[in-house]
Amino acid sequence: MSATLRIARSEDESRAIRLVAACHDEIGRAPDPQDRDIAIAALLSGEAPGAFYLIGPPSSPVGYLSVSFGHSIAQGGTVAYLDELYIRPPVRGRGMATEALMALLKMLSQHGVRAVHAPAPPQGGTRLFDRLRFEAEEAPTLTRLL
């Protein structure tokens, strides 16, 4: 099975919502479903500065990744933030997350993105990011929800 990436569009909204809900259920994240669906719709419609990619066959995607974009003076331009990466449990362990993330990194680099930031995975979950040469930053990120 190939980890082909395809930018999701508005007509993919129901697939995207199902995949994100499955991811959030699995990891115990419980955002308000209405807020979650609005955030997904904003990415799919192009309203938000980011992209939602479906992974796998168009008729039956096996996962997704979501990125948002910002600007960094220190890094000299546009940066991307990997918000979420998910592969359905039955098809994990086949290298699709690595393949999808490698394709994303190549594509973003070709479009002038200077860095990709990703949240640190739980203890022991760094193999994917180690393989792709992500480096831990010294300063942890602070967040204030509004």
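The points below take up the basis of the model, the sheet, the helices, the cores and a few single residues.

1. This is a predicted model, in which local features need pLDDT of at least 70 and side-chain atom pairs count only at pLDDT 80 or more, while totals for chains, interfaces and linings use all residues. Residues are numbered from 1 along each chain as its sequence is written, and side-chain values use heavy atoms, with hydrogens and water left out.

2. The sheet is open and has five strands in the order β1-β2-β3-β4-β5, with mixed pairing; strands are DSSP runs of E of at least two residues, helices are runs of H or I of at least four, and both are numbered from the N terminus. Two strands are taken to pair if DSSP finds at least two bridges between them. At the edges stand β1 (5-7) and β5 (115-117), each of which pairs on one side only. Neighbouring strands are turned against each other by 30 degrees on average, direction ignored; axes are lines fitted to C-alpha atoms, for helices over the stretch in contact, and angles run from 0 to 180 degrees between N-to-C directions.

3. Within the sheet, β2 and β3 run antiparallel and are joined by six bridges, with Y64 in β3 as the bridge partner of L54. The pairing of β3 with β4 (residues 77-87) is also antiparallel, over ten bridges; here S68 has Y81 in β4 as its bridge partner, and F69 stands opposite A80. Four residues lie between the strands of the β3 and β4 hairpin, where G76 takes a positive phi near 80 degrees.

4. Helix α1 has 15 residues, which at 1.5 Å a residue should span 21 Å, and its end C-alpha atoms are 21 Å apart, which agrees; the expected span is 1.5 Å times one less than the number of residues. Its buried residues are A16, I17, L19, V20, A21, C23 and H24, where buried means under 20% relative accessible area, exposed over 50% and partly exposed in between (1.4 Å probe, protein chains only). Their cover includes α2, β2, β3 and β4, and the helix is followed by G28, whose phi is positive, near 80 degrees.

5. Helix α2 (residues 33-45) passes the same kind of check, since its 13 residues should span 18 Å and its end C-alpha atoms are 18 Å apart. After α2 comes G46, with a positive phi near 90 degrees. The buried residues of α2 are R36, I40, A42, L43 and L44, and what covers them includes α1 (13-27), β2 (50-55) and β3 (63-72), contact meaning heavy atoms within 4.5 Å.

6. Helix α3 (residues 96-110) lies across β1, β2, β3, β4 and β5 and runs at about 165 degrees to β4.

7. The largest nonpolar core has 23 residues, and those with the most contacts inside it are L5, Y53, I55, L65, V67, L101 and L104; such a core is a set of buried Ala, Val, Leu, Ile, Met, Phe, Trp, Tyr and Cys residues joined through side-chain atoms within 4.5 Å. Two or more residues each come from β2, β3, β4, α3 and α4, and the largest share, five residues, is that of α3. L104 touches L5, Y53, L65 and V67, not counting residues up to four places away in sequence. Apart from this core lies another, of 13 residues, among them V20, C23, L43 and L54.

8. Most residues other than glycine have a negative phi. R133 is placed in the segment after α4 (127-131) and is exposed, with a relative accessible area of 72%.
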